[in-house]
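Please open the structure in your viewer and follow the aromatic side chains from one stop to the next.

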Amino acid sequence: MELWPWLTAALLLLLLLVQLSRTARFYAKISLYCVLCLSFSAVASIVCLLRHGGRTVDNMSIISWFVRSFKYVYGLRFEVRGQKKLEMDGPCVIISNHQSILDMMGLMEILPKRCVQIAKRELLFTGPVGLIMYLGGVYFINRQRARTAMSLMADLGDLMVRDNLKVWIYPEGTRNDNGDLLPFKKGAFYLAIQAQVPIIPVVYSSFSSFYNVKKKLFTSGTIRVQVLDAVPTSGLTDADVTKLVDTCYQSMRNTFLQISKLPQENSAIKEPGVVPAQ
């Protein structure tokens, strides 16, 4: 008994489901996204090893080139304002809101030179994706061990000044699609004060109009990106962290609601909040 007729029928049925069912389209696009991440990570790892021989922040330009192609597959468009603010000389801490697995595309769209990210340690063990993150100079933090995480952040503060690095951090600490910003953790702000470097907030508009896990929605769309003015930390001490967090939170939240075209009262979190650093 030949299998080709059955395989062809199954493929046609799958294509029909994708066309008719929004849920099927959603999972098909998510599956494709995972496949793209794995395959492009494997190819990019080889290119990075051939080009630079190992782990270095210079590999980020190669990774960024690969990831930026994803937007054409999904019909996503970025409208960026203030990108030149990221091109400042010298080290800095960049903070941005964190919504979904699509954030990687937004990050790579505007990633400045000599910029590394902070990521949870579990991502290191995700096969080709973990490998390419390692090769790109990503710093992995074990969030279950606060003392180890604090030690790494302290070392990173010295390293970013010495090697002229920019560090990208998601201060919410986890993905959030509730239509507002979660309270910020303090780690990024302690890092900026320790290194006495400015903080540059970056705000991405809500993805909810084209990407919504609960509604199984995943279509093409436009992402508005606003790079805010740098917030200086020169002369600040640990005693100023709470005020610094509040300043950045308020400006980012107001910008998020504005570029997402959401009313100020349409939020799950109405007062700024901070939680201890991890």
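Predicted model: local features only at pLDDT ≥ 70, side-chain atom pairs only at ≥ 80, totals over all residues.

Residues are numbered from 1 along each chain as its sequence is written, and side-chain values use heavy atoms, with hydrogens and water left out.

The structure holds 13 aromatic pairs (rings of Phe, Tyr and Trp, the last by its six-membered ring, with centres within 6.5 Å; planes under 30 degrees apart are stacked, over 60 edge-to-face, the rest tilted). Select Tyr-33 and Phe-70, an edge-to-face pair with 6.0 Å centre to centre and 80° between the planes. This pair links distant parts of the chain, 37 residues apart, with Tyr-33 in helix H2 (residues 22-52) and Phe-70 in helix H4 (residues 70-74); helices (H or I, at least four residues) and strands (E, at least two) are DSSP runs numbered from the N terminus. Both Tyr-33 and Phe-70 are buried (under 20% relative accessible area, 1.4 Å probe, protein chains only).

Next, select Phe-184 and Tyr-249, which pair edge-to-face at 5.1 Å centre to centre, with 75° between the planes. Here Phe-184 belongs to strand S6 (residues 184-185) and Tyr-249 to helix H9 (residues 241-259), 65 residues apart. Phe-184 counts as buried because its relative accessibility is 0%.

Over the face of Phe-218 lies Lys-29, at 5.6 Å from the ring centre (a charge sits over a ring if NZ of Lys or CZ of Arg is within 6 Å of the ring centre and within 35 degrees of the ring normal). Finally, select Arg-55, whose charged end sits over the ring of Tyr-139, 5.3 Å from its centre.

Terms used. Buried < 20%, exposed > 50% of the residue type's maximum accessible area, 1.4 Å probe, protein only.
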